Amino acid sequence: MPIDAHHLSGLRAITGGLVEELLSRPGGENRALPVVVAIGARGTGKTALLTELAARCESVPHAHLDFERHDWENVQPRELLGHLAFDLGRHWRQFGRLAFPRLWLCMLVLGAPVEITDRRAALRKLRELLAQNQPLEHNREAIVDVVKLAGGVASGRSLPGWNEATDLLLRGLSWYDRRRLVGKIKAIPSGAGNHEDFLIEIAKHAQGDEEDRAGVDATFCDAFLADLRRDYSGINRARRTLNSMVLLDNAHTPGGRAFLRALDEARRRCPDEADPLAVIATSRTWNPDWNESWTLLTPHHTGDREPARPTSHRTNGLHRPTPRQPSDVEDDWAAGSPESRWHPWYLLELGTLSKEDTMDVAAGHDIHPASRLPRFLHRLTDGHPGAITEVVAQVAHRYDSANPALLRSALRTAVPGQEGGESTLLAEIRDHLLQDFPEASQQDLITASAAIDVEMLFHKEILDLRNPVGEGALFKSLGEYLWLRAEPGESPQYVLHPWLRRILLQELASRADDHPLSWVEVHTRCRDFYEKNGRIVAARYHDLALEDVGQTIVHLRRPFDSKHAEFDVPAAESWLAELDVITAAPNRLDKDADPYDQVQRLVGEFDDELETTLAWLVVALWISRDPLGDPGRTLDSTIESSFHHLAQGRGRGSMLLHERAERYR
């Protein structure tokens, strides 16, 4: 089906080419396919992606389930397989009705109220029967024996209706209404409501200890895949030209993880028998099952100590890659070998829209792509899809290109509160992003957001962390919920996702001055810590956050004061790198004040021309680098002229200063 040009910007490679690749059946044959998992923090468009995919698969056998609805967070694989089979087994115009007799047989046998000894015997015989991989009608006597064994109770009597149920099963459930089967079994209550859920209710109540339950789940999964393979063979092969699709939202839940693990293990048990099932799941946390061949953040190289990847795992030649980006999909799945180069997982990270994608989203709200608003949205949110959608929905209708200063108050926009009454956009976004963290951890995160990176989480003496389980648990939670980023470098530097950090810093700025961990107190502690440990640039970063322009200027003027060292290209590169770090410091300046007036107030009076030039440059850069500081870019001319003025007579390094000035023309 056609895709709305403004819908799911940045994900067309997934909703288009990738889905077609997963559904295709080259030569009409099954082939090994990975489970595709779209991972991302809250608000990155995972649910919207599956909704779009469900619409695209409208005429293909598919099932779409959300583990966070209908009390499915802890659903057992056998119960979930019943739901999937009911959805896939509906009548599809071209494909007809997929039948799952093996799965229904498993439900009847393994859900029967029998003693554990009988259940284990039935399970053993059932596995032997399924291993033959023959049509069930060819094994009528064996099936009757298994059902009789399962239907036997302590008194030795059989459950009434089981013989009739077996007969219907052997004729093929695809030919009969399921209610007829339910009606034949009188001894087991079907529960309130829908009789079509009867077999699933049996699956819910499968008995046995943990080992037995694992065996039952494995058997159910084997039967489900065997049924699918049979459905796509023989005379049905010609008309079933596309694979079936299963879409699983929020598969980070215990039920979702258990199902994905059971599916992976079932496929490993039959490495030579591929199945016609494409699976796309979403997760907002990292699953340890992926650690064998993937890594969440930049890997630490451990040499020979790093365990080898299983030979059955394929990642297109990449060694323990981080999750792929949507922009990688076309190259990753380029036409070539019919065998997938990715197995058993293909991980995709959602969460960052490009500037062009942001223009797409804004265009859906009748905002011209060339206007200032799309660029502002991208800078403010760092491309976070949910944030862009939320902010543009609130500010687009009042955006005035002649008065961009209105954007400075974007996060303070009044919106209806989730619990009634009036709230602000900032408060609603904060509650949404932090709902996975307990209150104590939320306050610790707000405090820790002051630091350049999350290293400060491991210094409780500085931040007074209140999390009772320690700073390591908070770092681990940030990683699991996909809110950490690894900055490139020889030693990875882990930082908070810029959007989450921006929201946390707004909360830190709102703390009262007499709060024990106020803005001033926290930044002062961070500054003193970095100063003590010789990280001078980081210390000046916090000086600027404290509005101490003087200390920043003392540090930045040193290369220009040296009488023996030339301000050459390397010196200029180093100085600009330090300038970029320092002026990225956060601020809590008044968002209603004019940016130029703020620069003038903070610069004050300096003794000489060099210090004055540096002060105007540093403060103007500091304010302009905050997306809420100067969305109208009124300080660009000040920054440009300051760079040019500073470059006068500075040697060969001046060339880089002039080049930097051109960015602000």
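Contact here means heavy atoms within 4.5 Å. Helices (H or I, at least four residues) and strands (E, at least two) are DSSP runs, numbered from the N terminus. The model is predicted: local features need pLDDT of at least 70, side-chain atom pairs count only at pLDDT 80 or more, and totals for chains, interfaces and linings use all residues. Residues are numbered from 1 along each chain as its sequence is written, and side-chain values use heavy atoms, with hydrogens and water left out.

**Stop 1: helix H2**

Select residues 46-56, which form H2. Its buried residues (under 20% relative accessible area with a 1.4 Å probe, protein chains only; exposed is over 50%, partly exposed in between) are Lys46, Leu49, Leu50, Glu52, Leu53 and Ala54. Now show what they pack against: H1, strand S1 (35-39), strand S2 (62-66), strand S5 (244-249) and strand S6 (277-283).

**Stop 2: H1 against H2**

Show side chains next. From H1, pick Ile14, Thr15, Gly16, Val19 and Glu20; they meet Leu49, Glu52, Leu53 and Arg56 of H2. This contact divides into four nonpolar, two polar and three charged residues. Nonpolar covers Ala, Val, Leu, Ile, Met, Phe, Trp, Tyr, Cys and Pro; charged covers Asp, Glu, Lys and Arg; the others, Gly among them, are polar.

**Stop 3: the largest nonpolar core**

A nonpolar core is a set of buried Ala, Val, Leu, Ile, Met, Phe, Trp, Tyr and Cys residues joined through side-chain atoms within 4.5 Å. The largest has 171 residues; select Leu84, Phe224, Leu248, Trp575 and Phe643, which touch the most other members. Helix H27 (residues 609-624) gives the largest share of this core, 11 residues. Centre on Trp575. Beyond four places in sequence, Trp575 touches residues including Phe560, Leu614, Phe643 and Leu657.

**Stop 4: His523**

Go to helix H21, residues 519-532, and pick His523. Is His523 buried or exposed? At 0% relative accessibility, His523 counts as buried. Leaving aside neighbours within four places in sequence, its contacts are Ala450, Leu508, His542, Ala545, Leu546 and Pro586.

**Stop 5: Asp357**

Finish in helix H13, residues 355-363, at Asp357. Asp357 has 15% relative accessibility, so it counts as buried. Outside four places in sequence, Asp357 is in contact with Ser9 and Gly10.

Definitions and conventions: Axes fitted to C-alpha atoms, helices over the stretch in contact; angles between N-to-C directions.
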